Amino acid sequence: MLRAAHTTWRTDTGRQRRGNEDSAFARAPLFVIADGMGGAQAGEVASRIAVETFQDELPEQGTGEEKLAGVARIANRRIYDISRSEHERAGMGTTLTAVYVEDGQLAIAHVGDSRAYLFRDGELGLLTQDHTLVGELVKRGKLTEEQAAEHPQRSIITRALGIDAEVEVDTWTYGARAGDIVLLCSDGLTSMISEEQIVAVLSSEHDLDAAADRLIDEANEAGGRDNITVILFTLEEVGGADAVDEPTVIGMAPVPASDGSSGSDTTSRVAAGTITASRASPPAPSEHARPAPRLARTQGRRSGSDPRGGGGRLGRFTKPLAALLAIVIVLFLVGGGGYLATRQLFFVGTNNQGIVTIFRGLPYDLPFGIRLYETFYVSGVPVQYVPGQRRGLITNHQLRSQADAISLVHAAELGQLAR
């Protein structure tokens, strides 16, 4: 049976932050890291609540995934309730990555963009998936890893604890073996140094304490734009070195009193209200959540012929029917040509979920639910992530060529509309 044999952790404020909003808990078999957001007296509170909930609430029953997911939901509700009841902590939230070692396996629960890695035989494997805007675009094949690394909106996360009353928690279980090294880290590490650099450190440093120190140092040397927290532990068969018995809790400051004093800068990762609670659920509809096509004007319907007019019954109906038939034929011929013409016209708007979308046709609705457009391409970009001064390009429904519409949406996916 495997157990965590040696554990070490390091944390650092970084070179561009005045306070540290990271918190962690490390005691075999449970390891938790949380990266708070919301600024002074908010982010650090959210992350501390998360790790303390895991310290206190982990149940004895259930699988590893069930245990972790259940505690994550408890922590989410606690953070959410406090953010709604205490004005100075409104909008606070935190990422979460938790690992539970049990029966030779690693159970993982994850929300946000902190990460868990497995280092084995000189190779580093990512065990989690970032809940970020660019992460979603990479997963959909809209961006490459290289483009994502330089994307101006790479720090916008799409899921966190505490933002909504309910949260979806990703869980996985991985097989482990003796000699594996597990790394948990906040994005203050991975946003500063590459995975290749992490491999180089773990390959050359056989002492975990020295490896943790080097990871922190290299992240700071690269700029240290955010708080940096690292947890490392090794796995070995029972009968090896003693496991860590005493808990290590890192909460970068005591829970501050609600005195309204200022502290560290508000995190640049995400603004309150732009996070959605669930990856499976689309972003909350904004005021531009539909293409909002303009209703095409139609002529008022004329009344029929006066039944008291002259002529027999057949004469009263034959002429109107013939005229109606002629109108239908003309409209069919003209409309057919018009339909073919609209196949060459495109406009950009948003779908019902507020996602930037290319539509083919004209931006009009006719009565009886008839639309003169159809969906051509759905991007991975919520309209609220398009800078306000550039959003008019998306919402004005200007008619474009196919190439022009694709170029505009591709620019939005690459974050180039912000420039």
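Predicted model: local features only at pLDDT ≥ 70, side-chain atom pairs only at ≥ 80, totals over all residues.
Residues are numbered from 1 along each chain as its sequence is written, and side-chain values use heavy atoms, with hydrogens and water left out. Local features need pLDDT of at least 70 and side-chain atom pairs count only at pLDDT 80 or more, while totals for chains, interfaces and linings use all residues.

**View 1. Salt bridge between R214 and E205.** The structure holds 17 salt bridges, each defined as a side-chain nitrogen of Lys or Arg within 4 Å of a carboxyl oxygen of Asp or Glu. Here the N to O distance is 3.4 Å. R214 is partly exposed at 27% relative accessibility, and E205 is partly exposed at 22% (buried is under 20% relative accessible area, exposed over 50%, partly exposed in between; 1.4 Å probe, protein chains only).

**View 2. Salt bridge between R214 and E218.** The side chains meet at 3.2 Å, N to O. Both residues lie in helix 7 (residues 208–221), 4 residues apart, or about one helical turn. Helices (H or I, at least four residues) and strands (E, at least two) are DSSP runs, numbered from the N terminus. E218 is buried, with 19% relative accessibility.

**View 3. Salt bridge between R360 and E374.** The closest N and O atoms are 3.1 Å apart. This pair links distant parts of the chain, 14 residues apart: R360 belongs to strand 15 (residues 355–366) and E374 to strand 16 (residues 370–382). R360 is buried at 18% relative accessible area, whereas E374 is partly exposed at 32%.

**View 4. Network of R10, D209 and D213.** Salt bridges that share partners join these residues into one network.
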